[in-house]
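I opened the notebook to record what I looked up in this structure. The entries follow in the order I made them.

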Amino acid sequence: METGELILYHVKPGDRVKSGQVLFEVMTDKIDMEVESPADGVIEQLVGEIGVAIEIGKPVLIMQTDTEVMSFDFGGDAPLPDAPAPVIEPVAVQPAAIETPVVASPVVIAPAPVALPPLTNPREIRAVPKARAIAEDRGIDLRTVAPTGPDHTITVEDVGGNKLSEDQIKRQAANKALIAKGLEMTRSIPQISFSRNVKSGSVELTSVISNWARVLRTRPDLNISPKDGSAVSHVGVAVIIESKYGSALPVFKDPDLQTVSELADLFMSTAKSAHNGKVPLAMLSGATTAIFDLSKYKMNSSAPVLFPNQVTSLTIGENFSGEKIISLTIDLRYLDFYDGAQLLDSLISAL
Amino acid sequence: MTANPLLMGHPLSSPEHAKHALLYMYRIRKFEEAVEDLFGRGMMHGTMHLSIGQEAGPTGACLALQITDQITSTHRGHGHCIAKGADLTRMMAELLGKKIGYCGGRGGSMHIADAETGNLGANGVVGGGIPIAAGAALAAKMRKSGTVAVSFFGDGAMNEGAFHEAANMAAIWNLPLILFCENNKYGMSSSTEKAFKLENLADRGKGYGIPGVTVDGNDVVAVYEAAEAAVARARNGEGPTLIESVTYRWKGHSRSDKNLYRTKEEIEEWKDKDPIPNFIHKVLDKGILTQEQIEEIQKVSTEQIMQAVKEAAAAESATPDGLLEAVFKAVSA
Amino acid sequence: MSDRMLTMAEAVREAMTIAMEEREEVFILGEDIGIYGGAFGVTGDLYHRFGPERVLDTPISELGIVGAAVGAALSGMRPIVEIQFSDFTAQAMDQIANQAAKIHFMLGGALHVPLVLRTPQGSGTGAAAQHSQNLEPWFASVPGLKVVVPSNPADAKGLLLAAIDDPNPVIFLEHKLLYKIPGRDPVPEGATRIPLGVSKVVRTGKDLTIVATGIMVNKSFEVAEKLSAEGISIELIDPRTISPLDTAPIFESVEKTGRLMVVQEGPSHAGYINEVIAQVSGSACFGNLIAPIKRLAGMNIPIPYAPQLEKVAVPQIADIEAAAREIVKNWR
């Protein structure tokens, strides 16, 4: 099979579509097939013609997908002149490549082989929990996988083991480039870092978030707008969280005004969704400072990085005796040395 | 809500002692009546085991005890708690499932304990408290504290292995223990005639090499005198005594009892042996208390119970907070 | 660092000695623990060192013994009860399950029961069905009891000292085949406590997590050493305290290895390992499982008498080895 005939579009340009929504139907020499959207996004352009055969690998429509998680914002309310645009990649959606997949674009959406019967109950397939998780993550249809485990059970190896998916690799790379570019901008800023060991084992991340916001609230001059450097009325704490696509930076706005348990709940749910690549839009902007918690790795970054248009940045480390180490980096154009040391001291006293 | 300081001594030895004995018997009676009423009106839940008719036993026995002496009690335990000095409001609050109840609503009627008055707890298991009392007596002996332990139990418990094992251990180790059997004639529906081949249950003492005495359990004076002798023996290091205090429970075993196993006539016959008038006659005869004083005591006891019900009903209900944490006592660092 | 190698019986005795020297409230009571030195020789010479009052020989009255211990514990003492065989705790169950376990909770928290009940358990002695059981689940299913199952002399000493300190009733189950065997690790001098409710990672590995207690730790360790030569890397976790159960290290390990095998000597039905499996199944690490969870337990039969029958009734080293090899080989 080399072509498929486009029968019908179910969408038009400007439509907002959800992942899994039917975009169009094609007829191959074997079967009629509905093609689903691989992601949430907006349809930009329909490029195929109804009733005309399309070659495998050629685009049928162009859509912009939402890749919210990585489109973090370094400044306040507007993008920086030099900041990279939010990562929104055009994705070409193509008919299925059954016999010989033709990769015309880095992202190939391959719907399930048409010869398979419709899946009535995915649990009819035997697979170990980890294999199911991997399959879901990578969009592998377990019906296409030959089980090699006992009792015809699909093993982790059968779905490709613990390797990263192409999507993950691509998104991680884009993410790294983005962070690097952002930090490039701040390299020339005069800055200094301080750290101090904290004996107490009760330095929870949420407590640092809330207390750091409390300290910064007393210094409106340190919460600035990226547009004009003027003070903004909120404290926005970007917390660097590990996700399966690299680092995510959800912003907690005014966390010091929340109760401890509210903040803890919000943090838990945000960390969880960020890990899976989703950060609520409202938490993508408005950072005035950043916190990076390295303590679970028993590590300490003595010089936390400054993100663009942020005057301060914190890391939490931990040594092998269980002591926490809190480090602060300051932009010396806004703060002098003693000011910075005092700021760190206030935070540690508050903790 | 402070616990009443215990008075010790013979109920006829002074007007104070007579007042105390009468007040405590009335308190027990009125407490049980209040409980029955609250259950009847659906304001209490669960079950209840009333000791109306048996007030002389705990009152007489506890007149022989110091506050530091320890007791274990039974499912029919309100009387023992009250006689040992428990706070009426906290008891009533417990039955009503309130936070200020002795067990914070976690134990209810069958599990009231009061560390302050040496009450190691009522018990839901027949005979459960007897070995525990033996252990308390063992500790008293080891620590040379000079205290004694009294285990209250019913006639039914005497056929439990726990009674046998504890009585034997207390005997061979000469423990300061009083085995106080309230023989109220029935273990639920089984009469002592059906459950024992003995006329006097106190004869069991012989089998353990300890004294056994049978007393009229509806005579607070006779109970006190037997208990006092047993306590003296125990404090002297002479070992345990078995006291059989013969009494009668007027009410059914529990709420569900229809009294099918005994006759109305039998119940009426025992009501004529009511321990309270029995004692009143004695104190009037001997001129220890006047009719007015007696009426005053009755009035005061009624007021105390009403006050306890009022306070308990108004108290905050127990909440599920901290239930999990309550399972273990926290390990101190 | 000490390099003393003690047997479990010696380590348990040392812990009791230290506790009795430290506080005069501590005393031992049980059957034949005095001049006889205990049915398994655990109390040994303690009768001569501490006298008949603190090493108190009792009549054969398990219910009475535990009840007396409960009463003494309520009255400021810290009794250590020895029940000659764990099977005989059945005689004392009212005092264990209805009294000791519940008093603190049920009576409103004003009273507590600092009581340790030590008892030997397990098969392998040809003593048949009423002298060979593993009864962890009886105790672990009663809220209010802490249940400790030591697997080696050093742990036994530290855990017993902590158990004696604990203000709650602790059931301390000693496998009788371990009494005479020195452990792999030396027993430290002094009175170091090992807190109850902390699982121990006995051996780290990446291919398979084995959770076991008591003698099954020893058997599993041997298997792990042997299989490491074949390139199979086993992580062995000894919860040490079954109740409360410290699951975090188990979850962490399963997260890492993706394979779990739980091993116990007692019968599989409603065994404590089923709780381990339930907890793992309900936790996030379940999603990381790359193999079905393997349960290796005793047969659901009373322990038989004849040696060849007794042997098949409980997991042996060869069974653990075969199961471990199979799970790692079959599930990749």
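Entry one. I listed the buried residues of helix H4 of chain C and found C:Asp94, C:Gln95, C:Ile96, C:Ala97, C:Gln99, C:Ala100, C:Ala101, C:Lys102, C:Ile103, C:His104, C:Phe105 and C:Met106. The model is a predicted one, and I keep that in mind for each entry. H4(C) spans residues 93-106 and is mostly covered, with 12 of its 14 residues buried.

I turned to where chains B and C touch. I found 36 residues of chain B in contact with 36 residues of chain C. On the chain B side, H5 and helix H6 (161-172) each supply at least two residues. Which element gives the most to that side? H5(B) does, with 11 residues. By class, I recorded 23 nonpolar, nine polar and four charged residues on the side of chain B that touches chain C.

Chain A has five helices and 15 strands. Of its 351 residues, 34% count as buried. I then took the contacts in chain A between residues at least 6 apart in sequence, and 61% of these join residues at least 24 apart.

Notes. Residues are numbered from 1 along each chain as its sequence is written. Chains are lettered from A and ligands numbered from 1 in the order in which they are written. This is a predicted model: local features need pLDDT of at least 70, side-chain atom pairs count only at pLDDT 80 or more; totals for chains, interfaces and linings use all residues. A residue is buried if 20 or more other C-beta atoms lie within 10 Å of its own, exposed if 12 or fewer, and partly exposed in between; C-beta atoms are placed from the backbone. Helices (H or I, at least four residues) and strands (E, at least two) are DSSP runs, numbered from the N terminus. Two residues are in contact if their C-beta atoms, placed from the backbone, lie within 7 Å. Ala, Val, Leu, Ile, Met, Phe, Trp, Tyr, Cys and Pro count as nonpolar, Asp, Glu, Lys and Arg as charged, and the others, Gly among them, as polar.
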